[in-house]
Amino acid sequence: MVSRVIPVDPFDLVIFGATGDLARRKILPGLYRRFVAGQIPEGSAIIGAARTQMEAAAFRAQVRDVIAEFVDPAKHHPDQIEGFLALIDYVAIDARGTTGWASLKALVTPGRVHAFYFSVAPGLFGDLAERLHAHDIAGDQARIVVEKPFGRDLATARALNATLAEHFDEHQIYRIDHYLGKETVQNLMAVRFANILFEPLWNAQYIDHVQITVAETVGVAGRGAYYDRSGAMRDMVQNHMMQLLCLIAMEPPYHFDPDAVRDEKLKVIRALDPVDPQDIVRGQYLGVSGKGCAPQPGYLADAENPGSRTESYIAMKVHVANWRWKGTPFYLRTGKRLRARTSEIAITFKEPPHSIFDDAGDWRENVLVIRLQPNEGMNLKVMIKEPGPGGMRLVQVPLDMSFAEALGDDGADIPDAYERLIMDVIRGNQTLFMRGDEVEAAWAWTDPIIAGWEARGDRPQPYDAGSSGPEDALMLMHRDGRRWREIRE
Ligand code: NAP
């Protein structure tokens, strides 16, 4: 199935930080793929901006290299590449400087949608907003796209919201969380609210617990300086995992409308109980000595601070204090250098109230697993009779669905999260972007947890690279009579 293309009018997209890692790996390749899909109309302009002085032709050559490196060769059509490069321009601008702004203004066409993607360090967001405004570059239909991290605590997030609000209305600010652009994440809402099947069971009466896992195999090498000031709580839980939790726990919005959806997510964040310190396990990965495999540094070497107390792993039990979820815990875990790269949400249902079978065999609870990566899809584990003449014995089998197989040839036409989100910006649809009050509420819940560790001088527990995380994380579940799902691809 080829994805439906919703037409848009010609637009101008300015990428600040166009020579950086994110622009090279995600934004520019994503735009090219949308161009090939026919979603970027002729006459649109994609304008790179960064401090590096270079001609537009040199930037186009960089974009050509980016396509060669990051786009599937099956999409390397020479005509399409030339057509895409014809939309590209470049202007040298320092976010804190005064030059280049007039050139940028001359490149954007009045009266159309202007999107300004702030793919630069967060410390420059305010400067860019202020200068776009001062140089009268952002017209009525201007939107700004703001990357993560959005603050490092409530105070900094509030200050950033206030700075952006001086120059842009909330409906013009797109705070990106690329997890929300993932096909499966949006499908969470479709599964919940377009099927009668699940919603009647979607509460504490029928759901025993929810597990959200985001496991990575990479460490923090190369990003050690950034990560060490952040840690798993700030880098993953406050934003991505919180958003996943909201989509599972929220009440049905009255309409699939940006503010209706975000109002419901906000209510979930505000309903989160403070977390008991005993319900949190933090970890730091160890190095690999190299016997039988390549040696790899541990977190403390990757982060270059031998005394660092920053966590590369966190597991926690969270309660949503409202009628729907009273008594159903949400277990979240995320970490680096774990056994496999996988992200999933697993919803474990309760036992049937009464068993009519004398010999239940290998009886287990129903589990709905929503896989975010790899192999996006859904899997519902149900009990059936074990085949054969051995009497009424039960066995658990999966009802398995991979989106790529179910929706298209090989999934090649399913847009990547950044592509989808950029096109939503152009269409003016904020449903999948975080609102300012949501971000602040998430920090308001996160801040006391981090402050508690700092006050107590907590040290993360070491865990082996390639493992499932620290031992105590297993205990977090065991003492509740539950267990984590295995981390595997
Ligand atoms: P990066 O590789 O360091 O690139 C930074 C970009 O900003 C470069 O193009 C740089 O070019 C430009 N820049 C630096 N100072 C500037 C200034 N004063 N004025 C104008 N341009 C300036 O960073 P990145 O990894 O792409 O990350 C960009 C943003 O995305 C950050 O907020 C980051 O937290 C966020 N993010 C990145 C990723 C990722 O995977 N990389 C993931 C999530 C979020 P010049 O040196 O030529 O100016």
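The structure is a predicted model, in which local features need pLDDT of at least 70, side-chain atom pairs count only at pLDDT 80 or more, and totals for chains, interfaces and linings use all residues. Residues are numbered from 1 along each chain as its sequence is written, and side-chain values use heavy atoms, with hydrogens and water left out.

**Sheet**

- Six strands form an open sheet in the order β3-β2-β1-β4-β5-β6, with parallel pairing; strands are DSSP runs of E with at least two residues, helices are runs of H or I with at least four, and both are numbered from the N terminus.
- The edges are β3 and β6 (173-175), each with a single partner strand, so one side of each has no neighbour in the sheet; two strands pair if DSSP finds at least two bridges between them.
- On average, neighbouring strands of this sheet are turned by 20 degrees against each other, direction ignored.
- Helix α1 packs on the sheet and touches β1 (12-16), β2 and β4, and its direction makes about 170 degrees with that of β1. Axes are lines fitted to C-alpha atoms, for helices over the stretch in contact, and angles run from 0 to 180 degrees between N-to-C directions.
- Strands β4 (residues 114-118) and β5 (residues 142-146) run parallel and are joined by five bridges. In this pair, F116 stands opposite I144 in β5.

**Helix α3**

- Helix α3 (residues 78-85) has the buried residues I81, F84 and L85 (buried: under 20% relative accessible area, with a 1.4 Å probe and protein chains only).
- These residues lie on the same side of α3, because they cover an arc of only 95 degrees around the axis; the arc is that of the directions from the helix axis to the C-beta atoms.
- Their cover includes α1 (21-36), β2 (45-50), α2 (56-70) and β3 (88-92).

**Q211**

- Q211 belongs to strand β7 (residues 207-215) and is buried, with a relative accessible area of 2%.
- The Q211 side chain reaches the backbone oxygen of R483 at 3.0 Å and the backbone nitrogen of R485 at 3.0 Å.
- Beyond its neighbours within four places in sequence, Q211 has contacts (heavy atoms within 4.5 Å) that include Y331, R333, E344, M477 and W484.

**Ligand**

- Of the 20 residues around the ligand, T19, D21, R25, T52 and V120 come nearest.
- An N or O atom in the side chain of T52 is 2.4 Å from an oxygen atom of the ligand.
- A polar side-chain atom of R51 lies 2.8 Å from a ligand oxygen atom, and a backbone N or O atom of G20 lies 3.0 Å from one.

Technical notes
Buried < 20%, exposed > 50% of the residue type's maximum accessible area, 1.4 Å probe, protein only. Polar contact = N/O pair within 3.5 Å; in protein donor to acceptor, adjacent residues only side chain to side chain. Near = heavy atom within 4 Å.
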